[in-house]
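Open the model in your viewer and keep the selection tool ready.

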Amino acid sequence: MDAFKRISVKQAQQLCAEGAVMVDIRDPESFASGHPSGAIHLDNQSLAEFIAQADLDVPTIVICYHGHSSQSAAAYLHSQDFSDLYSMDGGFEEWRHVLPELVEREG
């Protein structure tokens with residue numbers, strides 16, 4: 001089995017509606033200026049705590065800017081025993097274009 005599956009924005013939206021966890025690996029400033037509603041910011045500082053508290057069997061979707069870095073991050077999470085992983089093609093830029101009503105901003 002592959003470490004993760006690549007999915008579209010619409011597939012990611014559907015999985016989130018069904019209870020999947022979405023993690024956004026972009027830099028803190030980009031995350032604060034806009035991210036998918038309900039996404040968790042994941043960076044080097046929050047990674048260990050996220051892994052320690054995560055349910056490894058819950059579907060987990062990794063997103064980045066354009067859908068490239070998220071593939072490496074999803075592969076890493078697979079190495080940490082996450083069993084149901086996805087990388088969202090197009091990243092946040094595609095999400096923002098397709099689902100602008102589902103973008104949150106910090107502050």
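Are Asp24 and Arg26 buried or exposed? Select both: Asp24 is buried, and so is Arg26. Buried means under 20% relative accessible area, exposed over 50%, partly exposed in between (1.4 Å probe, protein chains only). Their side chains meet in a salt bridge, 2.8 Å from N to O. The term means a side-chain nitrogen of Lys or Arg within 4 Å of a carboxyl oxygen of Asp or Glu.

This is a predicted model: local features need pLDDT of at least 70, side-chain atom pairs count only at pLDDT 80 or more, and totals for chains, interfaces and linings use all residues. Residues are numbered from 1 along each chain as its sequence is written, and side-chain values use heavy atoms, with hydrogens and water left out.

Next, select Asp84 and Lys5. They form a salt bridge at 3.9 Å, N to O. Asp84 sits in the loop between α4 and β6, Lys5 in strand β1 (residues 5-7), and 79 residues separate them. Helices (H or I, at least four residues) and strands (E, at least two) are DSSP runs, numbered from the N terminus. Asp84 is buried at 19% relative accessibility; Lys5 is partly exposed at 38%.

Now go to helix α5. Glu93 and Arg96 lie there, three residues apart, about one turn. Their closest N and O atoms are 2.5 Å apart in a salt bridge.

Finish with the largest nonpolar core. A nonpolar core is a set of buried Ala, Val, Leu, Ile, Met, Phe, Trp, Tyr and Cys residues joined through side-chain atoms within 4.5 Å. Of its 16 residues, Ala12, Met22, Ile61, Met88 and Trp95 touch the most other members. Helix α1 gives the largest share, three residues.
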